[in-house]
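Reader: Hey, could you walk me through the charged side chains in this one? I'm new to it.

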Amino acid sequence: MYAIIDNNGKQHKVRTGEEVQVDLMDAQEGELVQFDRVLLVGDTDPVRIGTPRVPGARVLAEVIRHEKGPKLTMMRMHPTKGKQAKKGHRQRYTRVLIREIHPE
């Protein structure tokens with residue numbers, strides 16, 4: 001069974017037992033979290049499509065760890081002034097393990 005969830009405006013296709021990287025969440029490692037905004041539940045007969053959400057559906061996940069994404073480097077130049085600026089950024093994410101998908 002799979003589901004499509006909406007987390008902070010981003011959609012993720014998840015399956016039971018799968019690890020997913022989502023935006024940083026305010027939860028401790030090992031804590032169970034619940035995603036209520038389920039947009040679609042597949043592998044059921046019939047496939048349940050939400051308008052915009054599937055009523056009563058939810059996905060339970062366990063927080064595995066918090067991690068950082070790859071380093072991004074941005075350069076800005078002002079050729080007439082002879083200036084340069086270099087900035088870096090690392091986005092923070094939370095990795096979760098999908099435990100259960102409840103279609104009702």
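Reader: Are Arg95 and Glu67 buried or exposed?
Author: Both of them are buried. Buried means under 20% relative accessible area, exposed means over 50%, and partly exposed is in between, with a 1.4 Å probe and protein chains only. Keep in mind that this is a predicted model, where local features need pLDDT of at least 70, side-chain atom pairs count only at pLDDT 80 or more, and totals for chains, interfaces and linings use all residues. Residues are numbered from 1 along each chain as its sequence is written, and side-chain values use heavy atoms, with hydrogens and water left out.

Reader: OK, and what does Arg95 form with Glu67?
Author: A salt bridge, with the closest N and O atoms 3.0 Å apart. That term stands for a side-chain nitrogen of Lys or Arg within 4 Å of a carboxyl oxygen of Asp or Glu. The pair links distant parts of the chain: Arg95 sits in strand β10 and Glu67 in strand β7 (residues 58–68), 28 residues apart. Strands here are DSSP runs of E with at least two residues, numbered from the N terminus.

Reader: Which residues are joined with them into one network?
Author: Glu19 and Arg65. Salt bridges that share partners join Glu19, Arg65, Glu67 and Arg95.

Reader: How many salt bridges are there by this rule?
Author: Six. One of them is between Lys10 and Asp23, whose closest N and O atoms are 3.2 Å apart. Lys10 is in strand β2 (residues 10–15) and Asp23 in strand β3 (residues 19–23), 13 residues apart. Lys10 is partly exposed at 42% relative accessibility, while Asp23 is buried at 14%.

Reader: And what's Asp43 doing with Arg15?
Author: Those two form a salt bridge as well, with 3.9 Å between the closest N and O atoms. Asp43 lies in the loop between β5 (38–42) and β6 (48–49) and Arg15 in strand β2, so the pair ties together parts that are 28 residues apart in sequence. Asp43 is exposed, with a relative accessible area of 52%, and Arg15 is partly exposed at 36%.

Reader: Switching topic: which residues gather in a patch of positive charge?
Author: Lys68, Lys71, Lys86, Arg90 and Arg92 do, on the surface. Patches are made of residues with over 30% relative accessible area and no salt bridge, and like charges are joined within 9 Å.

Reader: Where is Arg90 found?
Author: In the loop between β9 (83–89) and β10 (92–102). Arg90 is partly exposed, with a relative accessible area of 42%.

Technical notes:
Patch = residues over 30% accessible without salt bridge, like charges linked within 9 Å, V, L, I, M, F, W, Y side chains within 5 Å. Areas by Shrake-Rupley, 256 points an atom, 1.4 Å probe, with all protein chains shown as cover. Lys, Arg positive; Asp, Glu negative; His and termini not counted. Charge placed at Lys NZ, Arg CZ, Asp CG, Glu CD. Helix = DSSP H or I, 4+ residues; strand = E, 2+ residues; numbered from the N terminus.
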